[in-house]
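Trainee: Please show me how to read the features of a structure, one at a time. I would like to begin with open spaces.

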Amino acid sequence: MSITRPKVLVLTGGIGSGKSTFARAFEALGVPCIDADALARTVHQDPEHPATMHIARAFPHAMAPDGSLARGTLRTIFALDPAANEELKRILRPAVLALADDWSRRQQAPYVVWESALAMDQALPATRVLVVDSSDRNRAARIALRNPDWTGAQVASIIAMQLPRADYLARADDVAHNDGTLDDVRALTLQLHHRYTDLWS
């Protein structure tokens, strides 16, 4: 008896839009979710991973003594150098995709959620794309709240390095507006879950 592979809902949006909040709401409904950024950390914090060794050759000044990517470099070296940031993503992408794909194959559900801020510029494979959208003002406030040691310039640099909101929206199959309350998020997620369950069950 063959096992049907789950459909992949890519949950994306700019940093600070509230992707993780929606991911937790999907998880509360029993939907398997995975965070591509967390997968990337498992790669670049493993000194023996081939991708990490590649990073070390390309950016030796960004590595910790143990051979892993030094903590803090994502918001210093790579946040301030767009070319370096693109090269880092290029190196990590195949490893992250392989991990996400393996995880998806092992799930028993009509669909799974891949949460990723980089889905648009890295063309992650998706059955459907859900974009979480929020005003730039609210995004900046959320980023600053999570990272109280970041300067305003660092927050602005991170936002500027990502695709404009209009680009995310133009490529979305569905849009979840996130400028309201947590209850609003839960209610919208429930509506979306019913829609996806109807589509893929």
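Mentor: The largest pocket holds about 1,300 Å³ of space. On a 1 Å grid over the protein atoms alone, a pocket is an open set of points with protein on both sides within 12 Å along at least five of seven lines, and lining residues have an atom within 4 Å of a point. Grid points are joined across faces, edges and corners, and a volume is the space filled by probe spheres set on the points. The lining has 49 residues, and those closest to the pocket centre are Ile15, Asp37, Arg41, Leu74 and Ala117. This is a predicted model, in which local features need pLDDT of at least 70, side-chain atom pairs count only at pLDDT 80 or more, and totals for chains, interfaces and linings use all residues. Residues are numbered from 1 along each chain as its sequence is written, and side-chain values use heavy atoms, with hydrogens and water left out.

Trainee: Which helix gives the most to the lining of the largest pocket?

Mentor: Helix 5 (residues 82-105) does, with eight residues. Helices (H or I, at least four residues) and strands (E, at least two) are DSSP runs, numbered from the N terminus. By class, the pocket lining has 23 nonpolar, 14 polar and twelve charged residues. Here Ala, Val, Leu, Ile, Met, Phe, Trp, Tyr, Cys and Pro count as nonpolar, Asp, Glu, Lys and Arg as charged, and the others, Gly among them, as polar.

Trainee: What is the order of the strands in the open sheet?

Mentor: Strands of a sheet pair through backbone hydrogen bonds, either parallel or antiparallel. In this structure the five strands have the order 2-3-1-4-5, with parallel pairing; two strands pair if DSSP finds at least two bridges between them. Strand 2 (33-35) and strand 5 are at the edges with a single partner strand each, so one side of each has no neighbour in the sheet. From one strand to the next, the twist averages 25°. Axes are lines fitted to C-alpha atoms, for helices over the stretch in contact, and angles run from 0 to 180 degrees between N-to-C directions.

Trainee: How many bridges join strand 1 to strand 3?

Mentor: Five bridges join strand 1 to strand 3 (residues 111-115), and Lys7 has Tyr111 in strand 3 as its bridge partner. Helix 5 packs on this sheet, touching strand 1, strand 2 and strand 3, and its direction makes about 160° with that of strand 3. Contact means heavy atoms within 4.5 Å.

Trainee: Is strand 4 largely buried or exposed?

Mentor: Buried means under 20% relative accessible area, exposed over 50%, partly exposed in between (1.4 Å probe, protein chains only). Five of the six residues of strand 4 (residues 128-133) are buried, so the strand is largely enclosed by the rest of the structure. Strand 4 pairs with strand 1 (residues 7-12) in the parallel sense over four bridges, where Val10 stands opposite Val129. Strand 4 also pairs with strand 5 (residues 174-177), again parallel over four bridges, and Leu130 stands opposite Asp174.

Trainee: What volume does the largest cavity have?

Mentor: A cavity is a set of grid points where a 1.4 Å probe fits but cannot get out. The largest cavity has a volume of about 50 Å³. Its lining includes Val131, Val132 and Asp133, and strand 4 gives the largest share, three residues.
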